[in-house]
Amino acid sequence: MIIETNKLTKYYGKARGVIDLNLGVEQGEVFGFLGPNGAGKSTTIRVLMDFIRPTSGHARVLGLDSHRDALEIHRRVGILPGELALYPKLTGRQMLEYLGELRGGVDWGYVDQLAERLDSDLSRQIKNYSSGNKQKIGLIQAFMHRPELLILDEPTSGLDPLIQQEFYAMVKEAKEAGQTIFLSSHILPEVERVCDRVGIIREGRLVTVETIPAIKSKALRHLEIVFDGPAPAHEFERLPGVRDVTARNGHLRCTVVGTLDDVVKVAAQHTVVNLISEEPNLEDVFLTFYGREGNHAQ
Amino acid sequence: MLSNIFLKTLRDMRRSLIWWSAGLVIFSLYFMTFFPSIQESGEVWQDYMDNLPASAQALFGGEVDLSTIEGFLSVEVFSFFYPILLLTFAISYGAGLIGSEEESGTLDLLLATPTPRWRVVIEKFGALVVFTLVTLAACYIGFLLGGIIANIDEMDAARVLEGTLNMAPLALFFAALALAITGLRSGGRGLALGVTAGLAAFTYLIHAMASVSNVPEWLQRLSPWYYYGGNTVMREGVSAGHVALLLGLAAVLVAVAIWGLRRRDVSV
């Protein structure tokens, strides 16, 4: 196990961080840590890095104790903190130089390569950076020493779509190179896209750990089909996995669990003007995994 | 300047260090040129001083002879004015060494590197020690240049150096106190500033009033200013024991900062 937590619990005074978290991340996988903001993702990550100490339970990273062996862990891990803060008066390059020196030097050829891929201008002062440009520096410093484990807290926040694609490619390459990636996110499609397995956390508790295909097969999708004529609602109501069918004029709305295959095949027998499939949001995923209990999140 | 925390911290201070030092050279030089005129009108000044209420005299370091350069430096420089000047930056930097990085959130990235927390504290405090010594050197250069320009022949350069350096343990003591508070408490920068500045002022008053009112000896000994002895240093030289005590306490406070930071959570 690359990351292992055992009944990890963290309270900030009386405020809940995480409760009884049992997490296992295996060598070489891309593990997604999915949950809404405030669910306890950053708390978990900060315990793994020994920035904060658990109230009870413990965590192991790379087989080492998160507190006792913190330095060895830090040597071998690259981290992108959730609330990334950099030194405003340094340039991007100076920031990386400082962090690189504190790691005993890094391969600057590789740093430049990373900067080029992410289209990061290292020559300007950080105080003049947009949040996306800061995030790029955060990513470069996490990757630059080719760590065995990458812990990335909301890595794509602030990145524009093109750079996000490049980041996904970097994750894929890191995995191919044998690195393990632990990535937190509140965006399901992102996790679906890059991860092998997903741990879902909600209100401080780990709800489930699933493979991506399993998540997809359970995911709820809201679908809207616009027909060139009255919507044949009754044909859809009969389909397995289809719920909440409503039809008005040519518009048909429904909720689909799992794949859209059946729905699309039935629809194809009519003239379809438009088909809108919303990305399933987190609340929908929770609904799937806890049924009505999902309303708690409000 | 970015190869370790010590140098990076000095680098962050460099602009302020340059301006402070330049300002202190000029200011100290200018200050010294007042001495001849004070010496000439010596009796007037001495009368003025002697006629001040005892408590006001105490604030200036007690009874001193303003007609000698030693007396002048004791009263006008070392007893009150310069230490306060130096304490303002020593305390604010002391509170900011850990406090600012934690407040802005950069402490996370710093601690994510394989750097032990004790090392962050030691290297940062080391930078503040250098800062303090450089500013004191600037003061000294100003005193010497001022002495030359104003033709103050009887000035004992070695003794002035002693008096100047004698301010370092006091400044470092209060800086370490502010650092210790930020080590113990996350988000403690404001608290550290307030408490330390308040204590510096309060303990000064205890010390200054000791000669005119009945401040018990044990209370006097609780004041760091008692061990600083700015008003006697020009006459008697530095007390090695007192210097060692203040530096020792500063070291203990740095250790407290390390102890506190090692055992507590780092706030976001």
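Author: Domain bounds come from an automatic or database domain assignment. This model is predicted. In chain A, domain 1 covers 3-210 and domain 2 covers 220-279.

Reader: How many Å separate the centres of domain 1 of chain A and domain 2 of chain A?

Author: The separation is 39 Å, taken over C-alpha atoms.

Reader: Now the rings. How is a pair of aromatic rings described?

Author: By the distance of the centres and the angle of the planes. Over all chains, the structure holds 24 aromatic pairs. Take A:Phe31 and A:Phe182: their centres are 5.8 Å apart, with 5° between the planes, and the pair is stacked.

Reader: Why does the pair of A:Phe31 and A:Phe182 tie together parts that are apart in sequence?

Author: Look at the strands. A:Phe31 belongs to strand S3 (residues 30-34) of chain A, and A:Phe182 to strand S8 (residues 180-185) of chain A, so the pair joins parts 151 residues apart in sequence. Both A:Phe31 and A:Phe182 are buried.

Reader: What about B:Phe80 and B:Tyr204?

Author: Their ring centres are 5.3 Å apart and their planes meet at 40°, so this pair is tilted. B:Phe80 sits in the loop between helix H5 (69-78) and helix H6 (81-104) of chain B, while B:Tyr204 is in helix H11 (residues 189-209) of chain B, so the pair links parts 124 residues apart in sequence. B:Phe80 has 32% relative accessibility and counts as partly exposed. B:Tyr204 has 6% and counts as buried.

Reader: Which residues do ring pairs link into a cluster?

Author: The cluster is in chain B: B:Phe27, B:Phe31, B:Phe35, B:Phe72, B:Phe78, B:Phe81, B:Tyr82 and B:Phe143.

Reader: Which ring has the charged end of B:Lys8 over it?

Author: The ring of A:Tyr87, with the charged end 3.6 Å from its centre. In chain A, A:Arg146 lies over the face of A:Tyr110, 3.8 Å from the ring centre.

Reader: Next, a helix. What span should helix H6 (residues 161-176) of chain A have?

Author: Its 16 residues, at 1.5 Å a residue, should span 22 Å; the end C-alpha atoms are 23 Å apart, so the two agree.

Reader: Which residues in H6(A) are buried?

Author: A:Ile163, A:Phe167, A:Tyr168, A:Met170, A:Val171 and A:Ala174. Seen down the axis of H6(A), the buried residues fall within an arc of 160°, so they line one face of the helix. Their cover includes S3, S8 and helix H7 (188-194) of chain A. On the other side of H6(A), the exposed residues are A:Pro161, A:Leu162, A:Lys172 and A:Glu176.

Reader: What comes just after H6(A)?

Author: A:Gly178, which takes a positive phi of about 95°.

Definitions and conventions: Residues numbered from 1 in each chain as written. Chains lettered and ligands numbered in written order. Predicted model: local features only at pLDDT ≥ 70, side-chain atom pairs only at ≥ 80, totals over all residues. Heavy atoms only, no water. Phe/Tyr/Trp six-rings, centres within 6.5 Å; stacked < 30°, edge-to-face > 60°. Helix = DSSP H or I, 4+ residues; strand = E, 2+ residues; numbered from the N terminus. Buried < 20%, exposed > 50% of the residue type's maximum accessible area, 1.4 Å probe, protein only. Lys NZ or Arg CZ within 6 Å of the ring centre and 35° of its normal. Expected span 1.5 Å × (residues − 1). Arc of directions from axis to C-beta. Contact = heavy atoms within 4.5 Å.
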